[in-house]
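Here is a short report on how ligands are held in a protein model. Look at the structure first, then read on.

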Amino acid sequence: MFLASMVLIGWVAINEPGRMEAFSEQHLARSVEKGAELFANNCAECHGPQGLGSGRAPALNNPHLFGIDFFAGIDADIASLEAAQQNITHIQAVLSGEAEAGDDEDTDDLEALLVTYTEEYGEDPLVAIDEMIAAKETERQSLQSQLQAAIDRGYDPEDPSRLSQLDWGGTLDAFVLTTLVSGRPVSKSYWPEPMPAWSQTAGGPLRQDQLQDLTNYVMNWGAERTWTIEDLLAVQQFAKVPAEGGASDVESVAPEVSGIQAAEVPDQRQTIDDTVAAVVEELDGLTGDPNNGQTLYTGSLACSSCHNNASIAPPTDGTYTRVTETRLQDPALADYTERHYLVESILVPNAYISPGYPANAMPQDFGTRLDAQSLADIIAYLESQDGPDPLAN
Ligand code: HEC
Ligand code: HEC
């Protein structure tokens with residue numbers, strides 16, 4: 001009896017993770033299936049039936065979206081050959097007395113190292129490595145010419161990842177989901193029609209679970225796949241990078257700070273502080289209209305598409321209360337007023353990342369898309385959100 005129950009417990013303990021995995025695999029497979037159907041009905045007309053793109057939208061079934069760098073292997077080889085070359089040049093200079101050895105370098109070790117290099121690359125390693133680099137460069141050029149058809153359709157081998165092209169710091173999953181949630185209202189300036197907002201919270205037709213199914217479907221194009229050059233050549237249309245400043249013609253509030261990654265550029269801190277302070281002063285001379293602010297927030301700027309769902313962004317409800325009772329209690333924000341915090345959060349979202357949320361998720365370009373009166377209206381709307389904060393409990 002005792003033995004039997006031990007065996008049973010052992011069996012359950014061993015198999016539980018396997019069973020969970022099988023269960024979540026099934027769940028994912030069903031979600032991908034539902035996503036495929038939603039895609040055929042809602043997305044294929046612009047993104048193409050196989051997700052390869054069309055004149056109306058970029059490909060999603062696309063090595064570029066998944067950040068595949070076809071040159072990475074060759075470039076890494078060239079880099080390591082160049083490193084070896086530098087190393088050998090240095091060793092030879094030290095051994096011939098033309099250069100000083102480094103503090104932690106010992107002549108015997110350097111001689112031994114040079115021997116291993118000649119064993120690997122032959123009697124004249126520098127010449128041999130030069131030839132190898134030249135061969136790699138040729139290989140690179142021939143790869144580049146194989147990709148020419150893709151380059152003609154907008155692929156840039158120097159910029160092999162869509163996410164880094166957009167300075168997106170989060171995961172691809174989150175990128176796809178947030179694009180679906182709020183759409184890309186500004187993309188109408190460089191595409192025939194903009195990417196629509198799909199979430200019901202942004203006035204679109206789809207529920208959150210359907211957006212998740214679609215995201216799983218798109219992600220499934222890259223799952224356990226070895227992308228080939230043929231995959232890249234199959235892409236009919238790559239993403240377009242809008243011309244600088246072409247997206248909007250509204251007067252800009254703070255172009256000099258918008259898009260700055262403050263956390264990574266500490267010496268920009270003063271510029272941000274000064275600019276935000278100047279904007280706050282400008283707003284003090286205006287009267288904000290909270291109703292118009294709400295229209296912008298839920299309508300054309302689609303702030304609410306992210307700020308309605310606490311799992312994507314801090315909820316709109318109780319924003320002002322949260323700023324007073326939680327954010328401004330953070331010593332990092334010691335000298336801030338509520339308004340300064342709100343303005344900074346909108347113009348330079350990365351200057352302070354609300355705890356529990358990712359950097360780079362909020363668009364960084366509102367500073368170039370808002371004029372001062374619109375910003376005053378939005379701030380007036382957010383200042384009216386002084387009820388209980390749903391995040392505080
Ligand atoms: C009316 C045409 C249209 C429809 C319909 C449409 N999209 Fe888009 N989509 C676009 C355009 C245009 C872009 C490019 C936006 C940009 O470059 O900022 C885009 C971009 C995207 C992106 C981001 C890709 C990138 O490289 O930036 C994703 C993900 C996406 N769409 C998914 C979908 C899904 C899923 C559906 C169906 C629910 C869908 N789209 C329906 C036009 C459309
Ligand atoms: C694509 C999603 C997205 C959109 C669209 C968006 N935000 Fe955000 N926002 C976020 C995320 C995520 C955070 C939290 C991370 C951070 O601090 O950047 C945030 C933070 C904020 C905060 C700070 C809130 C707090 O509790 O600390 C404010 C204020 C804000 N956003 C206002 C706006 C306004 C106004 C707009 C429209 C003009 C907007 N957001 C559009 C995602 C978004």
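This is a predicted model: local features need pLDDT of at least 70, side-chain atom pairs count only at pLDDT 80 or more; totals for chains, interfaces and linings use all residues.

## The site of ligand 1

Start with ligand 1. 22 residues surround it. The closest are Cys-43, Cys-46, His-47, Arg-184 and Met-195. The space that ligand 1 takes is the second largest pocket.

What is the make-up of the shell around ligand 1, by nonpolar, polar and charged residues? It holds 14 nonpolar residues, four polar and four charged.

Helix α2 covers residues 44-47, and helix α8 covers 172-182. Each supplies at least two residues of the shell around ligand 1. Helix α8 gives the most, with four residues.

Polar contacts also reach ligand 1. A polar side-chain atom of Arg-162 lies 2.7 Å from one of the ligand's oxygen atoms. The side chain of Arg-184 places an N or O atom 2.7 Å from an oxygen atom of ligand 1. For the side chain of Trp-191, the distance to a ligand 1 oxygen atom is 3.3 Å.

## A residue of helix α8

Now turn to Thr-179, which lies in helix α8. Is Thr-179 buried or exposed? Thr-179 counts as buried because its relative accessible area is 14%, under the 20% cut-off. Neighbours within four places in sequence aside, Thr-179 is in contact with Arg-184 and Met-195. Both Arg-184 and Met-195 are also listed among the residues closest to ligand 1.

## The site of ligand 2

Next comes ligand 2. 25 residues surround it. Cys-303, Cys-306, His-307, Tyr-341 and Met-362 are the closest.

Which helix provides the largest share of the shell around ligand 2? That is α15, with four residues. Helix α15 spans 338-347, and helix α13 spans 303-307. Each of these two supplies at least two shell residues. By class, the shell around ligand 2 has 20 nonpolar residues, three polar and two charged.

| Residue | Part of the residue | Atom of ligand 2 | Distance |
|---|---|---|---|
| His-307 | side-chain N or O | nitrogen | 2.7 Å |
| Tyr-341 | side-chain N or O | oxygen | 2.5 Å |
| Tyr-352 | backbone N or O | oxygen | 3.4 Å |

Terms used: Residues are numbered from 1 along each chain as its sequence is written. Chains are lettered from A and ligands numbered from 1 in the order in which they are written. Side-chain values use heavy atoms; hydrogens and water are left out. A residue is near a molecule or strand if one of its heavy atoms lies within 4 Å of it. A polar contact is a pair of N or O atoms within 3.5 Å; within protein, one must be able to donate a hydrogen and the other to accept it, and residues adjacent in sequence count only if both atoms are side-chain atoms. On a 1 Å grid over the protein atoms alone, a cavity is a set of points where a 1.4 Å probe fits but cannot get out, and a pocket is an open set with protein on both sides within 12 Å along at least five of seven lines; lining residues have an atom within 4 Å of a point. A molecule sits in a cavity or pocket if more than half of its atoms lie within 2 Å of its grid points. Ala, Val, Leu, Ile, Met, Phe, Trp, Tyr, Cys and Pro count as nonpolar, Asp, Glu, Lys and Arg as charged, and the others, Gly among them, as polar. Buried means under 20% relative accessible area, exposed over 50%, partly exposed in between (1.4 Å probe, protein chains only). Contact means heavy atoms within 4.5 Å.
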